[in-house]
Amino acid sequence: MTAAPAPIPTLVVDDDHEVAGIHTGFLLAHGAFDVVGAAHTGARALELAETLRPRLVLLDIHLPDMTGIDVLRALRNRPGDPLDVIAITAARELDTVRAAVAGGVLHYLVKPFSAAVLNQRLDSYVAYRRDLDRHAADGSAALDQGRIDQLLRATTGPRGGGAPSATATITTPKGLSAPTLDAVMLDLRSQGRGTSASDVAERLGMARVSARRYLEFLVARGQARIVPQYGSAGRPEKFYVWTDGAPRT
C-alpha cells in the first residue's frame, strides 16, 4: 500500500490574529497541510520562514511593519530551496498585483472570498506539489515541454477531479478577460443585496464602463440579474445581484 503524502508544512502570515486563525482552520480542514507557524508582522514572517522552513507561505500584503511585497522579495533572496507563496489579501492595486506576480506568487486571492474558492486554490497547489514530487522521483533533472506545461497548468487551476475555477469553462467575448471576469464574479457574489457597476469599479480599481460590460455579460449568461434601485432624485440605478443559477451557454 502506498503511504499517504506527508502534509505540506505551511506558514500563515496575516496582521489580523483572527483571520490568521481562520486560514489555519481552512488549511487543517483540507487535510494536505500542516500549519507550522503563524506570523502577524513581516519581520516575524521572515524569522519563522528561516527557522521553520515551510514549503508554502500564505501571505497577506498589508502588514504593520513592511508590505507583503517586501516579505516576498526577501523570501526570494534567501538561500536554500525556494518557497511557494499564495497571496491572500484585500490589496487590489494594479502595482501591488504586478509586483506579486513578478515575485512569483502561485495564486493571488482577494478578500473576501468563499471557502470553496480557497479550497480550489489549495487543491491546485497540492496537484502542483504532487507533480513536482513525481518528477523528482523519476531521477531526471531535465523537463521536457510537456512536463513544464503540465506543472504550469497545475498552478493556474484545480486538477484531478477538483472543482473548476469560476471562469474555467467560460468563453469570454472579445475585450473581456477571464481573470477580470473571475474578480468581478467573486466581488458580485460577496455583495448579498447587490451592487452597482460604479461600486464594482471602485472596489476592483477598473473603469465603470468596463465593470458594467462584465456585469452585463453575467446577466446575459443568467448568473446575475438587474434590480432597479431608486435614489433620492427618483432616478433608478441598475443594481446587479448574483443569482447562483446555472449559466446559460
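**Entry 1: Thr10**

Is Thr10 buried or exposed, and what is its relative accessible area? I looked it up: Thr10 is buried, with a relative accessible area of 0%. For my own use I note that buried means under 20% relative accessible area, exposed means over 50%, and partly exposed lies in between, with a 1.4 Å probe and protein chains only. Thr10 sits in strand S1. Its side chain reaches the backbone oxygen of Ile8 at 3.0 Å. I take a polar contact as a pair of N or O atoms within 3.5 Å; within protein, one must be able to donate a hydrogen and the other to accept it, and residues adjacent in sequence count only if both atoms are side-chain atoms. I then listed what touches Thr10, leaving aside neighbours within four places in sequence, and found among others Leu27, Phe33, Val35, Pro54 and Leu58. Contact here means heavy atoms within 4.5 Å.

**Entry 2: What kind of model this is**

I remind myself that this is a predicted model, in which local features need pLDDT of at least 70 and side-chain atom pairs count only at pLDDT 80 or more, while totals for chains, interfaces and linings use all residues. Residues are numbered from 1 along each chain as its sequence is written, and side-chain values use heavy atoms, with hydrogens and water left out. pLDDT is the predictor's confidence in each residue, from 0 to 100. The protein chain averages 81, and 79% of the residues score at least 70. I marked residues 158–165, where pLDDT stays under 50 and the model has 16 contacts beyond four places in sequence. Where pLDDT is low, the predicted coordinates should not be read in detail.

**Entry 3: The whole chain**

I counted 9 helices and 7 strands in the protein chain. Helices (H or I, at least four residues) and strands (E, at least two) are DSSP runs, numbered from the N terminus. Of the 249 residues in the protein chain, 42% are buried. Among contacts between residues at least 6 apart in sequence, 58% join residues at least 24 apart.

**Entry 4**

Which strands pair with S1? S2 does, in the parallel sense over 6 bridges, and S3 does, in the parallel sense over 4 bridges. Two strands pair if DSSP finds at least two bridges between them. I found Ile8 opposite Phe33 in S2, and Leu11 opposite Val57 in S3. S1, helix H1 (residues 17–30) and S2 make a right-handed β-α-β unit. A crossover is right-handed if, with the strands pointing away from the viewer, the path from the first strand over the helix to the second runs clockwise.

At the start of H2, a side-chain oxygen of Thr41 reaches to within 3.1 Å of the backbone nitrogen of Arg44. The buried residues of H2 are Gly42, Ala45, Leu48 and Ala49. Seen down the axis of H2, they fall within an arc of 125°, so they line one face of the helix. The arc is that of the directions from the helix axis to the C-beta atoms. Their cover includes S1, S2 and H3.

Next I checked Arg53, in the loop between H2 and S3. Its phi is near 50°, a positive value in a residue other than glycine. Most residues other than glycine have a negative phi. Arg53 is partly exposed, with a relative accessible area of 41%. Asp81 is 28 residues away from Arg53 in sequence and 9.1 Å away in space, C-alpha to C-alpha. Asp81 lies in the loop between H3 and S4, and is exposed, with a relative accessible area of 67%.

Which residues of H3 are buried? In H3 (residues 68–77) I noted Gly68, Ile69, Val71, Leu72 and Leu75. They fall within an arc of 160° seen down the axis, so they line one face of the helix. What covers them includes H2, S3, S4 and H4.

Lastly, S4 and S5 pair in the parallel sense over 4 bridges, with Ile88 opposite Leu109 in S5. The chain crosses from S4 through H4 to S5, and this β-α-β crossover is right-handed.
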